[in-house]
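Dear colleague,

Please have the model open beside you as you read.

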Amino acid sequence: MKINYASKYSGVANYWKNRQGMIDALKKHKTAAAKRKQEKKFNKWANRAENKEKYGQVLAVINDYYAKTNEDARHDNYLMGMLRSSTFAAMPASLGAGLKQYAQENEAKRKEMAPRLEAFINDNYEKAYMPLEVDVLADELNLYAAKGGEIAPYVREMASKNSGNFQSDIQSAFDNSVFGSKEKLAAYLKNPDAKVIDEDPLFKLSSALMAKYRETSPETEKLNDEFLTASRKYIAGVLEMDPKGKYYPDANSTLRLTYGTIRALPKDKRNDAKENFYTTLKGTIAKYKPGDEEFDLPKKLMELYENKDYGRYADKNGYLPVNFLSDQDITGGNSGSPVLNGKGELIGLAFDGNIEAMAGDVIFDPKLQRTISVDIRYVLFIIDKFAGAQNIIDELQIVE
């Protein structure tokens, strides 16, 4: 079960770490105060006689948008958290729509649709562990109902009857739902009835959540349009106000190439390395905690360390490097990027940023911002000495 859910668990944990790291960094750098200072300067410039007609109301429109949508944003955070972590928050609505259509078709069309539906069901249920799915959905609903503000009416009605504790209701919903097991869905495909889906407790809940997720209004659309227009004017105004400033484009979703140097952070006594720009296997072993989800280690890795059996991948000073730091920026989607030296040789793979880097979408700290990369020597060590995949090593040209 842990293996089947490892990817989703890591994804949720990584998102939480990123958000918390961003909050901590923004507080540490007093970013809100700095932004207010910048906006005050802009507003003074924007309300000069020659600029007022074009830029005078820009910040007022932006601030009005946030004042009117902050509570919606809070709601959406809790709803998105549920949709991200609970399979059964969203899946019954999409699958149910397909099952209703299936029920309304003739036999020939059903035969055509069945393989696609069966494949979808298999993908979603093959590794699903229902007791966990019950707990996750119930806990997410408890949180959503308590802190989500203007929650979906269907969920609000449920909460009024269960005092905000959804555990019993969700357990009952799974017990009585077509979506409660792969076997129930298989039986439905043999004897389909659209009314069964319409009355299904998980389908009704999931449909209500998805309807809330897609909810919009003319007022909201008008606010969004005004905000986007004002944001574009704000950027244009900042460029006009300070044409000699340094400005960087938002390059998300593009292929990028950047450069930097290996660069240490201030010395940290928790790191056994001689300088604080790399870590070693010794440091990894020092963090070992049996049974801990983050810090447990395979027995073989510990034996390799104890025997100092690093093969040809040890540093010339005898230690086995694990990670290193460089002074590039990193953001979501960069993980796995190759890190090359000046000769074009692969020396590592980028995968994370230090805690100060988590606010990189908003601010960049040239003194403390770092990219964390796994040293390619450690990658090769794991492939060769730990996994014994000599066939992969034989395919590579390794520069020593």
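**Salt bridges and the sheet**

Lys161 counts as exposed, since its relative accessibility is 67%, and please keep in mind throughout that this is a predicted model. The partner of Lys161 is Glu157, with which Lys161 forms a salt bridge whose closest N and O atoms are 3.5 Å apart. At 44% relative accessibility, Glu157 is counted as partly exposed. Both residues belong to helix α8 (residues 153-162), where they are four residues apart, or about one turn of the helix.

That pair is one of 17 salt bridges found in a search of the whole structure. Side chains of opposite charge can pair when their charged atoms come close.

Two further pairs involve helix α16. In one of them, the side chains of Asp309 and Lys385 meet in a salt bridge at 3.1 Å, N to O. Asp309 lies in the loop between α15 (299-306) and β2 while Lys385 lies in helix α16, so this pair ties together parts that are 76 residues apart in sequence. Both residues are partly exposed, Asp309 at 31% relative accessibility and Lys385 with a relative accessible area of 25%.

In the other, Arg377 and Asp315 meet through their side chains in a salt bridge of 3.2 Å, N to O. Because Arg377 is in helix α16 and Asp315 is in the loop between α15 and β2, the pair ties together parts 62 residues apart in sequence. Here Arg377 is partly exposed at 29% relative accessibility, whereas Asp315, at 14%, counts as buried. Asp315 and Arg377 are also linked with Asp375 in a network of salt bridges.

Helix α16 (residues 376-386) leads on to the sheet, for the helix lies across β2 (321-326), β4 and β5 (371-375), and runs at about 40° to β5. The sheet is open and has five strands in the order β1-β2-β5-β4-β3, with antiparallel pairing. At its edges stand β1 (278-280) and β3 (338-340), each with a single partner strand, so one side of each is left without a neighbour in the sheet. On average, and with direction ignored, neighbouring strands of this sheet are turned by 35° against each other.

Terms used: Residues numbered from 1 in each chain as written. Predicted model: local features only at pLDDT ≥ 70, side-chain atom pairs only at ≥ 80, totals over all residues. Heavy atoms only, no water. Pairing = 2+ DSSP bridges. Helix = DSSP H or I, 4+ residues; strand = E, 2+ residues; numbered from the N terminus. Axes fitted to C-alpha atoms, helices over the stretch in contact; angles between N-to-C directions. Contact = heavy atoms within 4.5 Å. Salt bridge = Lys/Arg side-chain N within 4 Å of Asp/Glu carboxyl O. Buried < 20%, exposed > 50% of the residue type's maximum accessible area, 1.4 Å probe, protein only.
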